[in-house]
Amino acid sequence: MTNLTVNLKEKIGFGALFLATMAVVVPVLCIIWLIVTRGWSAISWEFLFTMPRDGMRAGGIFPAIVGTFYLVLGSVAFSLPVGVMAAIYLNEYAKDNFLTRMINLAIINLSGVSSVVYGLFGLSLFVVFFRFGVSIISGSLTLGIMTLPVIITTTREALRAVPKPFREVSFSLGTTRWQTIRHAVLPFALPGILTGAILSIGRAAGETAPILFTVAAFYLPNLPNSPFDQAMALPYHLYIISTQIPNIRLDYRYGTALVLVGFVLIMNISAIVVRSKFRKKRW
Amino acid sequence: MLKKIKEFIIERLIFLSGIASIVFVLLIFIFLLKEGISIFKTVGLFDFLSGRFWYPISDPPKLGILPLIMGSLLVTLGAVVIAVPLGIASAFYIAEVASPRVRDALKSCVEVLSAIPSVVLGFIGMVTLVPFVKALFKIPTGLTAFSGSIMLAFMALPTIISISEDAINAVPRQYKEGAIALGATHWQTLYRVIIHGAMPGVIAASMLGIGRVIGETMAVMMITGNAAVIPTTFLQPVRTLTATIAAEMGETVRGSEHYYALFAIGIVLFVISFLINVTADLFLHKDKR
């Protein structure tokens, strides 16, 4: 009798947990399905590779794709070297002291700061103080600082996974610390670093608030041709065609969402693939 | 010799990059203060935080952010009520109940959710959730705090699930084995033993989820209706702190009171996220001390 109620309780408990999980998972699948099925009809050569026409109600989204490409490239060019070196410092050089604890705290805070606050920061530091103006370089640097924690944490994990004897053997051959890192540690951490870079690209491509006041343009007739030009960007484009311009065909908006989500998800899936290959490896 | 110099330079660069995170956090705070502090001289900190009216472009402007704080709090409260129980329950299911293959599938699904850009969730919310809420409650607009709460709950879920799951997995195996050896069922072990071990991590996960919700900008701006009045119910439009900055910064004149006030809102947001992250970190590292 008691056994029965205990078993019943377990069934009900696990059932409830299962339902909660489904309440999270099913909407996610629905959202992806919705974007793919509704957006697919809008995708065409013209949509991807021509300029917008008729107040962005027709034509393509090419300048937004190009703008996002530049922004992502610029942000990774900044965050990858700084982030990897920061991770090397934390894993290979730093001692367990006050400074290290402050660095860890700072990384946690960088990843927790609201995206729109990054926008304000980029506006006041890069646009106004450094006089870069509203430009690709201001936007890239803002996105770069924002994605720094992603690269630092993934790289640090990758460095941590390199077994200690690798370093000891290298040291025992009389190498300096940097030579050891360069030849006995970094090559083995490369897949992990790559994962971080790919994830940060996905993150930078999708962010809207940090680029609102630092780079994003409503509409530009020409493609940007210098880092000091404004640019259109995919997430901002989706925002304005969803809220600012009336009477835009729904499939045009779904199409833009599909291009953005498609890019971001491809980045994330590549990161998962790289990481799982890396994890299977045994030293 | 040349090699030594090269190495010296590289190690300096590594150190500088190491402390770069500290520098950036300080820079963010300094530059927010630099642009925002002057508003406290003209309006006063207390009046700024407790002023009931946000009319930034009237003459003279009224710059009280209480309606915006209330808007943020209301939306956050709604999102927390939805996301915390769902997130914790899902984390337990993924970590304790699901088979390895199902677990991997569910985790990928959560990862996909965390990867979807907020502007996309905002767009999806606008075309699906907003009309649904409008029809369901028969109200004039579906752009409400309630719609915002639902969408924000989904943005907080990946954070809550993944950190809670880590905390559950970190509970020592012996606890679980001991309970089972004493004759407890899996379910009894789960909610009498494992939940206690995982509690600090679960609390931290919920706090970080809350932090995520308060700082969220695009989706909230697109689906909460943006009315800067003190809300009385969940079914009316509200405007959050983040949405105010995002929506109004483009229209301000650099150096105007309005411009400074938006930076001052940024200071408020920065302080909130700082407090949340530091406290959550204390919970996460509780067991390590």
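**Entry 1: chain A as a whole**

I began with the contacts inside chain A of this predicted model, and among those between residues at least 6 apart in sequence, 76% join residues at least 24 apart. I then counted its elements and found 11 helices and 2 strands in chain A, which run from the N terminus on as α-α-β-β-α-α-α-α-α-α-α-α-α. Of the 283 residues of chain A, 48% count as buried.

I also looked up one helix of chain A for its burial, namely H10 (residues 234-243), and recorded that this helix is mostly covered, with 8 of its 10 residues buried. The buried residues of H10(A) include Tyr236(A), His237(A) and Tyr239(A), and Leu234(A), Pro235(A), Leu238(A), Ile241(A) and Ser242(A) also belong to that list.

**Entry 2: a helix pair in chain A**

Next I turned to helix H3 (residues 62-93) and helix H6 (residues 136-161) of chain A, whose axes come within 6 Å and cross at roughly 35°. I noted the crossing of H3(A) and H6(A) as right-handed. Sorting the residues of this contact by class, I found 18 nonpolar, 10 polar and 3 charged.

**Entry 3: chain B as a whole**

For chain B I went through the corresponding items, starting with its 12 helices and 2 strands, which follow the pattern α-α-α-β-β-α-α-α-α-α-α-α-α-α along the sequence. The C-alpha trace of chain B spans about 75 × 75 × 35 Å along its principal axes, and 50% of the 289 residues of chain B count as buried. Among contacts in chain B between residues at least 6 apart in sequence, I noted that 73% join residues at least 24 apart.

The domain assignment divides chain B into domain 1 (2-36) and domain 2 (48-284), and I found the C-alpha centres of these two domains of chain B to lie 32 Å apart. Their contact takes 6 residues from domain 1 of chain B and 6 residues from domain 2 of chain B. On the domain 1 side of that contact I listed 4 nonpolar residues, 1 polar and 1 charged.

**Entry 4: where the chains meet**

I then followed one helix pair across the two chains, helix H5 (residues 115-129) of chain A and helix H1 (residues 2-36) of chain B, whose axes come within 9 Å and cross at roughly 75°. From H5(A) the contact takes Leu120(A), Phe121(A), Ser124(A) and Leu125(A), while H1(B) brings Leu27(B), Ile28(B), Phe31(B), Leu32(B), Lys34(B) and Glu35(B). By class, this contact of H5(A) with H1(B) has 7 nonpolar, 1 polar and 2 charged residues.

I picked out Ile161(B), whose place is in helix H7 (residues 145-169) of chain B. Ile161(B) has 32 other C-beta atoms within 10 Å and is therefore buried. Leaving aside residues up to four places away in sequence, I found that Ile161(B) touches Gly87(B), Ser90(B), Ala91(B), Ile94(B) and Val110(B). I also noted that Ile161(B) and Val202(B) are 41 residues apart in sequence and 8.8 Å apart in space, C-alpha to C-alpha.

Finally I checked backbone angles, since most residues other than glycine have a negative phi. Lys138(B) has a positive phi, near 50°, and its place is in the loop between helix H6 (118-137) and H7 of chain B. Asn226(B) also has a positive phi, of about 60°, although it is not a glycine, and Asn226(B) lies in the loop between helix H10 (218-223) and helix H11 (241-248) of chain B.

Which of the two words, buried or exposed, applies to Lys138(B), and which to Asn226(B)? Lys138(B) counts as exposed because it has 6 C-beta neighbours inside 10 Å, whereas Asn226(B) is buried, with 20 other C-beta atoms within 10 Å. For Asn226(B) I kept in mind that the cut-off for buried is 20 or more.

Definitions and conventions:
Residues are numbered from 1 along each chain as its sequence is written. Chains are lettered from A and ligands numbered from 1 in the order in which they are written. This is a predicted model: local features need pLDDT of at least 70, side-chain atom pairs count only at pLDDT 80 or more; totals for chains, interfaces and linings use all residues. Axes are lines fitted to C-alpha atoms, for helices over the stretch in contact, and angles run from 0 to 180 degrees between N-to-C directions. Helices (H or I, at least four residues) and strands (E, at least two) are DSSP runs, numbered from the N terminus. A crossing is left-handed if the near helix is turned anticlockwise from the far one by less than a right angle, and right-handed if clockwise. Ala, Val, Leu, Ile, Met, Phe, Trp, Tyr, Cys and Pro count as nonpolar, Asp, Glu, Lys and Arg as charged, and the others, Gly among them, as polar. Domain bounds come from an automatic or database domain assignment. Two residues are in contact if their C-beta atoms, placed from the backbone, lie within 7 Å. A residue is buried if 20 or more other C-beta atoms lie within 10 Å of its own, exposed if 12 or fewer, and partly exposed in between; C-beta atoms are placed from the backbone.
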